[in-house]
Protein chains: 2
Amino acid sequence: MSFTLYSAWRATAPYRVRIGLRLKGVDYAYSALDLIKGEQRERDYQAVNPQKLTPALDIGGGRVLTQSLSILEWLEETHPEPALLPQGALARQAVRAMALIIACDIHPLNNTRVGRKLHHMGIDQAGILEWTQGWIRDGFDALEPLVARYGQGWAFGDTPSIADCCLIPQVYSANRYQVDLSPWPAIRAVDERAKDHPAFQAAHPNNQPDAVPL
Amino acid sequence: MSFTLYSAWRATAPYRVRIGLRLKGVDYAYSALDLIKGEQRERDYQAVNPQKLTPALDIGGGRVLTQSLSILEWLEETHPEPALLPQGALARQAVRAMALIIACDIHPLNNTRVGRKLHHMGIDQAGILEWTQGWIRDGFDALEPLVARYGQGWAFGDTPSIADCCLIPQVYSANRYQVDLSPWPAIRAVDERAKDHPAFQAAHPNNQPDAVPL
């Protein structure tokens, strides 16, 4: 099987999938979309993902998978090792809840299309930045006690999980939007841990083919 | 085991869980929160769910589950019959992707706290309504071809799935916010189907203890 990931270097949803693919040791080709130029809305990409969002994972045979968390669940089912979900239904519930705090309660409010919409509604750049930072803070306030309770080096337990696939990109986004991370020491510790992990390093925005030096 | 669901009659995230519990035939007590009054932010509820969001499912023994999709996955693992996910990793990927289009790309932009935030940013009621309707339309545009492709009476296949647990509440919300559903006949057909199903009827907002006659 030959996989192609449609991605954008700084976008957090494809970043999650890159981490999952790297943790599983699954090779993939990288197809870059420039979200600032709006390439995700061009006809070529609409044929890949009619929703005009990243990521999309083409797994061959005309099959394209969308929605980062659903792609990670599919990866977990089809490439079980190393496991990205723990044993036990309650443990899996906690990991998925942590991932969903990021995937539902933080990121959807802060992605490119929402910023564009707020701009069209007359909100200025300072207002959009405050909006973005506020949802990150609320979400991290919710996550911090969970990471402190369940984490043993990673967000849950002592191995990377789907929660880390979501958390590390969200910390990257928080840094990008100048959120002071000092209120969340447990989250910061996981982020530090990830900096030394080859899969997280390989998936980092700066190491993507479409990265733009800042 | 004795379950208690923290819910609000019109909120779509607890509505998803009510459908799942009813489909599985799992009994539960109902604890109502008045989101307009802000009861989800009061101290008593913060002890249940520090994130101050609905739903939360207390399953006894001091264990409280949060995040609707993670609760539904937990229900599926602990109460496998009737199945709310199909056989086959690709089929499950599609069902989860449909659920996530609603849970990530529509609902988080339209819930109570976001409306409150937009109001504080000076957006008037007409602007908030247009915002809400716009995200529903974008999401339904993405869902319609998937339901048309995969649905055989329900959103995916011929039995209710986690996708329907998300879709039916989102259609309810679309009606509440005066979105004309005529562009999405496949979605409308599933909604019609659900009106005749006892589990969906029992989970409907109008049939909750805290329903307010409109």
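## Contacts between chains and between domains

The contact between the two chains takes 31 residues from chain A and 30 residues from chain B, where two residues are in contact if their C-beta atoms, placed from the backbone, lie within 7 Å. The structure is a predicted model, in which local features need pLDDT of at least 70 and side-chain atom pairs count only at pLDDT 80 or more, while totals for chains, interfaces and linings use all residues. Residues are numbered from 1 along each chain as its sequence is written, and chains are lettered from A and ligands numbered from 1 in the order in which they are written.

On the side of chain A that touches chain B, at least two residues each come from β4 (64-66), α3, α4 (89-105), α5 (107-110) and α7 (125-150) of chain A. Helices (H or I, at least four residues) and strands (E, at least two) are DSSP runs, numbered from the N terminus. The largest share of this side, 11 residues, is that of α4(A).

Within chain A, the domain assignment gives domain 1 (4-82) and domain 2 (89-200); such bounds come from an automatic or database domain assignment. The C-alpha centres of these two domains of chain A lie 19 Å apart. Their contact takes 12 residues from domain 1 of chain A and 16 residues from domain 2 of chain A. Both α1 (12-24) and α3 (68-78) of chain A supply at least two residues each of the domain 1 side, and the largest share, 8 residues, comes from α1(A).

The table gives the residue classes of two sides.
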